[in-house]
Amino acid sequence: MNRLWLASWRAVVVLALGVAIGAAAPPAVAAQSEFPFGRELLLDAPPMKGSKRVPSLDIAENGLADIELWCNAVKGQLVVAGDTITILTGEKTERSCTPERMRGDDEVLAALTEATNWRRDGDILVLTGARTLRFRLPTN
């Protein structure tokens, strides 16, 4: 009976230590999984020929977003629940640009509105749906 009590006591101590260590650990894992509201993110893609512009998301704390595309821009609203995301967008601006950039705008905008899930991969925001888009924090 004494051995059973000792084994139970050791199990309680190990469990308590595990909880204490988990509570004292830095919240790096939790921070990695948080959606990057209040941040500007750049599409992880090289600029198109003849331009330095890369699509970006500037996401406010309330989910409102300024979305800069290859040529035009659009206002949006990001709704995040768990790992699910819905991106609603308004009308594009009417800037004049090459047909290649206009097609690029349409492709990025379609991929954004079709996104259904998100995850953080370090400093990268990965949006998945019909296509996968990767956005990163700017380096400058």
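A nonpolar core here is a set of buried Ala, Val, Leu, Ile, Met, Phe, Trp, Tyr and Cys residues joined through side-chain atoms within 4.5 Å, where buried means under 20% relative accessible area, exposed over 50% and partly exposed in between (1.4 Å probe, protein chains only). What you have open is a predicted model, so local features need pLDDT of at least 70 and side-chain atom pairs count only at pLDDT 80 or more, while totals for chains, interfaces and linings use all residues. Residues are numbered from 1 along each chain as its sequence is written, and side-chain values use heavy atoms, with hydrogens and water left out.

**Stop 1: the core.** Select Ile85, Leu112, Leu127 and Phe135, the residues with the most contacts inside the largest nonpolar core, which has 26 residues. Elements giving two or more residues to this core include strand 1 (39-43), strand 7 (124-128) and strand 8 (132-136); helices (H or I, at least four residues) and strands (E, at least two) are DSSP runs, numbered from the N terminus. Helix 3 gives the most, with four residues.

Now centre on Phe135. Leaving aside neighbours within four places in sequence, its contacts (heavy atoms within 4.5 Å) include Leu41, Pro55, Leu112 and Leu127.

**Stop 2: helix 3.** Pick out Arg101, Gly104, Asp105, Val108, Leu109, Ala111 and Leu112, which are buried in helix 3. Look down the helix axis: the buried residues fall within an arc of 160°, so they line one face. That arc is taken from the directions from the helix axis to the C-beta atoms.

Stop 3: Ser56 is in strand 2 and, at 8% relative accessibility, counts as buried. Beyond neighbours within four places in sequence, Ser56 is in contact with Glu40, Leu41, Leu42, Asp66, Ile67 and Glu68. Go on to Lys52, in the loop between strand 1 and strand 2; at 80% relative accessibility, Lys52 counts as exposed.

**Stop 4: the hairpins.** Strands pair if DSSP finds at least two bridges between them. Strand 3 and strand 4 run antiparallel, joined by five bridges, and a hairpin of four residues connects them. Glu68 stands opposite Ala73 in strand 4. Strand 4 and strand 5 also run antiparallel, with six bridges; Gly76 has Thr89 in strand 5 as its bridge partner. Finish at Gly82, which takes a positive phi near 65° in the hairpin of strand 4 and strand 5, with two residues between the strands.
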